[in-house]
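Visitor: I'm new to this one. Can you walk me through it?
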Amino acid sequence: MTTALVMASSAVAYAEPSAELIEAAKKEGMLTTIALPHDWCGYGAVIDGFKKKYPEITVNELNPDAGSADEVEAIKANKDNKGPQAPDVVDVGLAFGPQMKAEGLLQPYKVSTWDEIPENVKDADGHWYGDYYGVMSLLVNKDLVTNTPADWSDLLKPEYAGQVALAGDPRASNQAILGVLAAGMASGAAAGKDAGEAGLKYFGEMNKGGNFVPVIGKSGTLAQGATPIVVMWDYNALAAKDTLAGNPPVEVVVPASGVLAGVYVQGISAYAPHPNAAKLWMEYLYSDEGQLAWLKGYCHPARFNAMVKAGKVPQELLDALPPAESYEKAYFPTLEEVDANKAAVVSGWDSVVGANVQ
């Protein structure tokens, strides 16, 4: 499977959650999330929408800037703790879903729109399920970068000395781990272990040449000039463009080769202190309202194809996304390829690249 998510065939009419579930969630009175920055995928509006719909439930937000590995650790560290430090739900990179299931960290739950979630990005038993995807892109500060790079190979040119950063630590951040995979695929390596190793070699060369900056790139570091070019998901780059509002002017580029699509997944902690609120949160995320809120945040939600087919997506939301051609070349790696890449990148970064990203 290379260029598309395998869609389930039947269209589903979204049904409101049961009165029993809503009542049980209200009784719990709280939902604890983790690693949800408000400018990531439109999550600020998503959280506000949930609060508006269920004002009786307080949303307790832990560590918005955490990476997927931090989310896993937070559940492990709070197994016996029913207090406010224990996450109810996680939003992690695709490779982390099966890992968390294998470690007994997730409980199964199938939302009412389950059939519209693509088959190849969900656990058959409901322990984890795809929520949205984007493609790896470059966010470029046009005040500092005269020639906008068009492809991965451009970033090795001397003119980009001290300018290129990843949007996370590639030893822990799913976004950064997959940034390495995309770079490796652009060199012609097959997705998986080969592309992971080729990507490490690429970043090793970039680091040696002085172009790589070992700083976690964000809109703030880009604006300050610390990281003028940041490798990040298109939805994060487009949100940053909105936030920066021309100060500085930025460009968002989907590289000409190595166009990598990345899927994130949701799951409910096996130790969730508020399991009913967690289920209600999932129902909201996978409702038409929740899916469209992600789309407003420039993410392609899991039910995107089915919703477009059913005429549920306003044209202005489609028009706000980068041109469809940018996505036509997108490669959706299999779970095995994502896992093999993750293993290669996490274990090899220090020895091959040797840059301590923080």
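Visitor: Where is P248 placed?
Guide: P248 is in the loop between α8 and β8, and β8 covers 250-253. Keep in mind that this is a predicted model.

Visitor: What kind of peptide bond joins N247 and P248?
Guide: A cis one, with omega at about 0°. For background, most peptide bonds are trans.

Visitor: And what about A245, where does that sit?
Guide: A245 is in the loop between α8 and β8. Its phi is positive, about 45°, although A245 is not a glycine. Most residues other than glycine have a negative phi.

Visitor: Is A245 buried or exposed?
Guide: Exposed. A245 has 63% relative accessibility, and the cut-off for exposed is over 50%.

Visitor: Which phi value does N63 have?
Guide: Near 25°, which is positive in a residue other than glycine. N63 is found in the loop between β2 (58-62) and α3. N63 is partly exposed, because its relative accessible area of 45% falls between the cut-offs of 20% and 50%.

Visitor: What follows α10?
Guide: Y298, with a positive phi near 70°. Within α10 itself, residues 288-296, the buried ones are G290, Q291, L292, A293, W294 and L295.

Visitor: How many cavities of 30 Å³ or more does the structure hold?
Guide: One. The largest cavity has about 40 Å³ of space. Its lining is made up of I75, N78, N81, A86, P87, S269, Y271, A272 and P273. By class, that lining has six nonpolar, three polar and no charged residues.

Visitor: Now the core. Which residues touch the most other members of the largest nonpolar core?
Guide: F203, W281, M282 and W349, in a core of 93 residues. α5 gives the most to this core, with eight residues.

Visitor: What is F203 in contact with?
Guide: Setting aside neighbours within four places in sequence, F203 is in contact with L166, G179, V180, A183, F212, W349 and V353. There is also a second, separate core of 18 residues, which includes V90, V92, V265 and V338.

Visitor: Where does V338 lie?
Guide: In helix α14, residues 335-353. V338 counts as buried because its relative accessibility is 5%, and the cut-off for buried is under 20%. Beyond its neighbours within four places in sequence, V338 is in contact with L94, A95 and P333.

Visitor: How far apart are V338 and F304 in space?
Guide: 22 Å, C-alpha to C-alpha. They are 34 residues apart in sequence.

Visitor: Next, N211. Buried or exposed?
Guide: Buried, at 2% relative accessibility. N211 lies in the loop between α6 (193-208) and α7 (219-224).

Visitor: What lies 2.8 Å from a polar atom of the side chain of N211?
Guide: The backbone oxygen of K157. Not counting residues up to four places away in sequence, N211 touches L155, L156, K157, Y160, A161, G162, Q163, V164 and M206.

Visitor: Last one, E28. Which helix is that in?
Guide: α1, residues 19-28. E28 counts as partly exposed, at 23% relative accessibility.

Visitor: What does the side chain of E28 reach?
Guide: The backbone nitrogen of A277, at 2.8 Å. A polar contact of 2.9 Å also joins the side chains of E28 and N276. Leaving out neighbours within four places in sequence, E28 is in contact with H274, P275, N276 and A277.

Visitor: And what separates the C-alpha atoms of E28 and I57?
Guide: A distance of 7.7 Å, with E28 and I57 being 29 residues apart along the chain.

Methods. Residues are numbered from 1 along each chain as its sequence is written. This is a predicted model: local features need pLDDT of at least 70, side-chain atom pairs count only at pLDDT 80 or more; totals for chains, interfaces and linings use all residues. Side-chain values use heavy atoms; hydrogens and water are left out. Helices (H or I, at least four residues) and strands (E, at least two) are DSSP runs, numbered from the N terminus. Buried means under 20% relative accessible area, exposed over 50%, partly exposed in between (1.4 Å probe, protein chains only). A nonpolar core is a set of buried Ala, Val, Leu, Ile, Met, Phe, Trp, Tyr and Cys residues joined through side-chain atoms within 4.5 Å. Contact means heavy atoms within 4.5 Å. A polar contact is a pair of N or O atoms within 3.5 Å; within protein, one must be able to donate a hydrogen and the other to accept it, and residues adjacent in sequence count only if both atoms are side-chain atoms. On a 1 Å grid over the protein atoms alone, a cavity is a set of points where a 1.4 Å probe fits but cannot get out, and a pocket is an open set with protein on both sides within 12 Å along at least five of seven lines; lining residues have an atom within 4 Å of a point. Grid points are joined across faces, edges and corners, and a volume is the space filled by probe spheres set on the points. Ala, Val, Leu, Ile, Met, Phe, Trp, Tyr, Cys and Pro count as nonpolar, Asp, Glu, Lys and Arg as charged, and the others, Gly among them, as polar.
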